[in-house]
Amino acid sequence: MQYLNQNENFLGLVDELAAFETAPTVVWPLPYEATTTYATGTNAGPAAILAASQQVEFWDEELDSEPSEKGICTLAQFNCAGLNHEKALNKLADEAERLFAEDKFVLSLGGEHSVTIPLVQQAAKYWQNLSVLQLDAHSDLRESYEGSPLNHACVMARVAETCPFVSVGLRSGIQSERRNLRPDSRLIYAWQMQRDQSWMDKTLAALAENVYITFDLDFFDPSIMPAVGTPEPGGFFWYETLALLRRVFAECNVIACDIVELKPIAGLQHPEFLAAKLAYKMIGYKFGL
Ligand SMILES: [Mn+2]
């Protein structure tokens, strides 16, 4: 596996901590964009997150540890030049399969949300009793969009063909998404989360033993995360998000994660820094709780 060195990798880790063979975590930059509809630029997301991560401190004050000490390998950027959408996702599936076979905790950095489709499909081959936790403003449950069932607006429709899921933070969707929902899955809307403090318990109760987390950054409020294609008002803030993630990592076996849909804004650092810290928090919760 080709991986990045200290100057380019996640957190700027020295070689001993960044080697593929020994690191339990693999950060995988997926600068993939094919079907983004409203505003483009998610292909620049992974590089922006990696650059910002070089400024993140190793010590996590909440965990009182340095989760980086266990080792984090950053793979070279996924390359699908010259491939159409379907072939690119097939190549991504092949590479994901190899990573899961090596028993790595894979944290993918998008790129547009369609990368989640092959990642979940491959994860489901390795882990029985798997469910997906989606944090997102959008349900992404369209059967097809702009002529493609692999569009980023169809991610969870494809996931639903693979395993059950729980979606939280929703505040922009289509009426049929509830009618067609699989009975073992759950949609939790942002307005419900405002009124009902038990939304977190309900989320945890609906998850299976093994969990794949897909985190669309538009889950956050646009005031702290403006660098997304569709910044929906009424989103979520840092500590309530961490409270949910901490519980999911503590109570479930989180087997892989992705953070998708960052669309960097030139001259604005705080969104990519937030994404980098979010990635490090997930690694900390995975190995430091
Ligand atoms: Mn979204």
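**Group meeting: a walk through the predicted model**

Let me start with a strand pair: β7 and strand β8, residues 253–260, run parallel and are joined by seven bridges, where two strands are taken to pair if DSSP finds at least two bridges between them.

Residues are numbered from 1 along each chain as its sequence is written.

Staying with the strands, the bridge partner of Phe-215 in β8 is Ile-259. Strand β4, residues 130–135, also pairs with β7, in the parallel sense and over six bridges, and there the partner of Val-132 in β7 is Tyr-212. How much of β7 is buried? Six of the seven residues of this strand, which covers 210–216, are buried, so β7 is largely enclosed by the rest of the structure; a residue is called buried if 20 or more other C-beta atoms lie within 10 Å of its own, exposed if 12 or fewer, and partly exposed in between, with C-beta atoms placed from the backbone. Together, β7, helix α9 (residues 238–251) and β8 make a right-handed β-α-β unit, meaning that, with the strands pointing away from the viewer, the path from the first strand over the helix to the second runs clockwise.

Now to helix α3, residues 85–101, which has 17 residues and reaches 24 Å from its first C-alpha to its last, close to the 24 Å expected at 1.5 Å a residue, the expected span being 1.5 Å times one less than the number of residues. Its buried residues are Ala-88, Leu-89, Leu-92, Ala-96, Leu-99 and Phe-100. Seen down the axis of α3, these buried residues fall within an arc of 105°, so they line one face of the helix, the arc being that of the directions from the helix axis to the C-beta atoms. An α-helix has 3.6 residues a turn, so residues three or four places apart point the same way. The buried residues of α3 pack against β1 (25–30), β3 (105–110) and α4 (116–126), with contact taken as C-beta atoms, placed from the backbone, within 7 Å. On the face turned away from the buried side, α3 carries the exposed residues Glu-86, Lys-87, Asp-94, Arg-98 and Ala-101. Just after the helix, Asp-103 takes a positive phi of about 65°.

Two individual residues are next. Gln-6 lies in the segment before α1 (15–18), and counts as partly exposed because it has 14 C-beta neighbours inside 10 Å. Leaving aside residues up to four places away in sequence, Gln-6 touches Gly-12, Leu-13, Val-14, Asp-15 and Ala-18. Glu-69, in the loop between α2 (45–53) and β2 (72–74), counts as exposed, with 12 C-beta neighbours inside 10 Å.

Finally, the chain as a whole: its secondary structure comes to 10 helices and eight strands, and 48% of its 289 residues count as buried. Among contacts with a separation of 6 or more, residues 24 or more positions apart account for 74%. The C-alpha trace spans about 50 × 45 × 40 Å along its principal axes.

Technical notes
This is a predicted model: local features need pLDDT of at least 70, side-chain atom pairs count only at pLDDT 80 or more; totals for chains, interfaces and linings use all residues. Helices (H or I, at least four residues) and strands (E, at least two) are DSSP runs, numbered from the N terminus. Two residues are in contact if their C-beta atoms, placed from the backbone, lie within 7 Å.
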